[in-house]
Amino acid sequence: MRTSRVEGFSDGVLAIIITIMVLELQIPEGPTFNDFMRATGTGLLSYVLSFAYVGIYWNNHHHLLQLTDNIRGAVLWANLHLLFWLSLLPFTTAWMDESGFPRVPVMLYGVNLLGAAVAFFIMQSLIIRAQGEGSVLKRAVGKDRKGKASTVLYLTGIASAWFIGDSTIVPDILALLCFVSVAVMWLIPDRRMERVILERELQA
């Protein structure tokens, strides 16, 4: 199967995920900034973080499939596995924000992010295996230091969330900082994929 069908389906799902998340934002009852902060303040920040994650996966998914010529059945299921975890983001984002960032919702948000990362890694690994020796995707991914660092930060964030209690907000802030750090790390342009994609285009 060509990659265009997988890309089209995935793009549609990601667009729906973003739409659902923005609909969760509360409209302020009044016209003042205080009204905005009470109704939407933290919700908007949570939305921005989750929107960034969806954007990161959309971008990486696009690059991944640009280095893939054909899709096999196992990759189709791996793609659905990735979309499953991403489709949970509106729920985990809303619960974390509306409940005031307590232990279980923050942990679940971290598990959601970790699940998506693992799903992307599985999909990436299946494509590399299908390409065999001299895999162009494997060459582009390299040692995948970002992926490994992301996993460590997700686990650190989840572990920090476990220690969230009523008496302190330090573990809460540390957990969210870990999740934000991963997003910032992936928002910084990564030229590995683009470099290999350009090489393939020049050779075509």
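**Figure 1. Arg-38 and Asp-35 lie about one helical turn apart in helix α2.** The two residues are three positions apart in this helix. This is a predicted model, in which local features need pLDDT of at least 70 and side-chain atom pairs count only at pLDDT 80 or more, while totals for chains, interfaces and linings use all residues. Residues are numbered from 1 along each chain as its sequence is written, and side-chain values use heavy atoms, with hydrogens and water left out. Arg-38 forms a salt bridge with Asp-35, and their closest N and O atoms are 2.6 Å apart. A salt bridge is a side-chain nitrogen of Lys or Arg within 4 Å of a carboxyl oxygen of Asp or Glu. The structure holds one salt bridge. Arg-38 counts as exposed because its relative accessibility is 66%, whereas Asp-35, at 16%, counts as buried. Buried means under 20% relative accessible area, exposed over 50%, and partly exposed in between (1.4 Å probe, protein chains only).

**Figure 2. Nine helices and zero strands make up the secondary structure of the chain.** Helices (H or I, at least four residues) and strands (E, at least two) are DSSP runs, numbered from the N terminus. The C-alpha trace spans about 60 × 35 × 30 Å along its principal axes. Of the 204 residues of the chain, 42% count as buried.

**Figure 3. A nonpolar patch on the surface is formed by Phe-91, Trp-95, Val-104, Leu-108 and Val-111.** Together these residues have about 430 Å² of accessible area, computed by the Shrake-Rupley method with a 1.4 Å probe, where only the protein chains shown count as cover for residues. Patch residues have over 30% relative accessible area and no salt bridge; nonpolar side chains (Val, Leu, Ile, Met, Phe, Trp, Tyr) are joined within 5 Å, and like charges within 9 Å. Helices α4 (89–98) and α5 (103–131) each supply at least two of the patch residues. The largest share, three residues, comes from α5. Leu-108 is found in α5 and, at 31% relative accessibility, counts as partly exposed.

**Figure 4. The largest pocket has a volume of about 730 Å³.** Of its 34 lining residues, Phe-120, Gln-124, Asp-144, Gly-147 and Trp-186 are the closest to its centre. On a 1 Å grid over the protein atoms alone, a pocket is an open set of points where a 1.4 Å probe fits, with protein on both sides within 12 Å along at least five of seven lines; lining residues have an atom within 4 Å of a point. The lining has 16 nonpolar, ten polar and eight charged residues.

Terms used:
Points joined across faces, edges and corners; volume = space filled by probe spheres on them. Nonpolar A, V, L, I, M, F, W, Y, C, P; charged D, E, K, R; others polar.
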